[in-house]
Amino acid sequence: MADKVAEVTEAMKEVAVVEAEDDSQVKKGEEGSVYTSDTMGSDEAGEGTYRVPFKTVMKAMKHAKSEPFPPIYVDVKADSEAAKAGAKFELIAKAQLKKVTKLWLQEVKKEEKREKAEKEAEEAKLKRAEEARKITITMDTSLPEPKKIKLRQCTETRGVRVVVYGWVHRLRTQGKGLMFITLRDGTEFLQCVLAGEMCQTYEAVMLSTESSVAIYGVISPVPEGKTAPGGHELAADYWELIGAAPSGGADSVLNAESNPDVQLDNRHIMIRGENTS
């Protein structure tokens, strides 16, 4: 028992020495400095501090948000004076700082351009939405009574008027008079084509992925040279919104730039895709 206590005490002394050395190194830096380390840093989980550094200088600049940047520290070079003095970090070289700053400015301009385009698109969408409030659609009662089916039954019900229920998995508009919806119901996927006033209503203009809908129409094989899930598509004659998803749909939560932590927190959305399992 005494030996174990001695081991723990010795380990605690070593930790205290390391922390004291770290504190002395931190004090050598300037107030408000940002630390990066290509070997032990992380852009996702890092804090930019001495003990929890970022991985890249670009992340440090994005963290600072604007010029002038605070002092940025990087890993010491093996043959530098800082390394000989036992330091873990040294101030970034002026040449490297200039190079990364140029890349950062390009990223800033790209982000500003993207935000401007998104803002203009949103304003145009809201304007269209106001005009769309005047448009309403009604079901043609002269058409045959629809047969309610699951999407896995599409092949056997081609040529028959059906009604399908599901979530908007993908959404694509083509001009003001054509809309393609890939529907998902947990059994299969189906491409639905909406034309004319059906894609000009307020609900259609504001529609986003993960909204739940009911779509009526006839399923037919896709034209030669075209592709769609199951090799067929539904030409809609009427549709209705059952439940609207938040603006932006799943893409506002998960996209190609989402961090792994965000993807893990929203695993229930990730597994709704065709490739994620």
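**Salt bridges and burial in a predicted model**

Colleague: Why is aspartate 237 called partly exposed?

Modeller: Its relative accessible area is 25%, and partly exposed lies between buried, under 20%, and exposed, over 50% (1.4 Å probe, protein chains only). The model is predicted, so local features need pLDDT of at least 70 and side-chain atom pairs 80 or more, while totals for chains, interfaces and linings use all residues. Residues are numbered from 1 along each chain as its sequence is written, and side-chain values use heavy atoms, without hydrogens and water.

Colleague: What makes the pair of aspartate 237 and arginine 161 a salt bridge?

Modeller: The N to O distance is 2.8 Å; a salt bridge asks for a side-chain nitrogen of Lys or Arg within 4 Å of a carboxyl oxygen of Asp or Glu. Aspartate 237 is in strand β9 (residues 232-243) and arginine 161 in strand β5, so the pair ties together parts 76 residues apart in sequence. Strands here are DSSP runs of E, at least two residues, and helices runs of H or I, at least four, numbered from the N terminus.

Colleague: Is arginine 161 buried or exposed?

Modeller: Arginine 161 is buried, at 7% relative accessibility. Valine 164, also placed in β5 (residues 161-173), is buried at 0%.

Colleague: Which residues does valine 164 contact, beyond its neighbours within four places in sequence?

Modeller: Among them are Ile149, Leu183, Val213 and Leu234, where contact means heavy atoms within 4.5 Å.

Colleague: How far apart in helix α4 are arginine 114 and glutamate 111?

Modeller: They are 3 residues apart in α4 (residues 94-132), about one helical turn.
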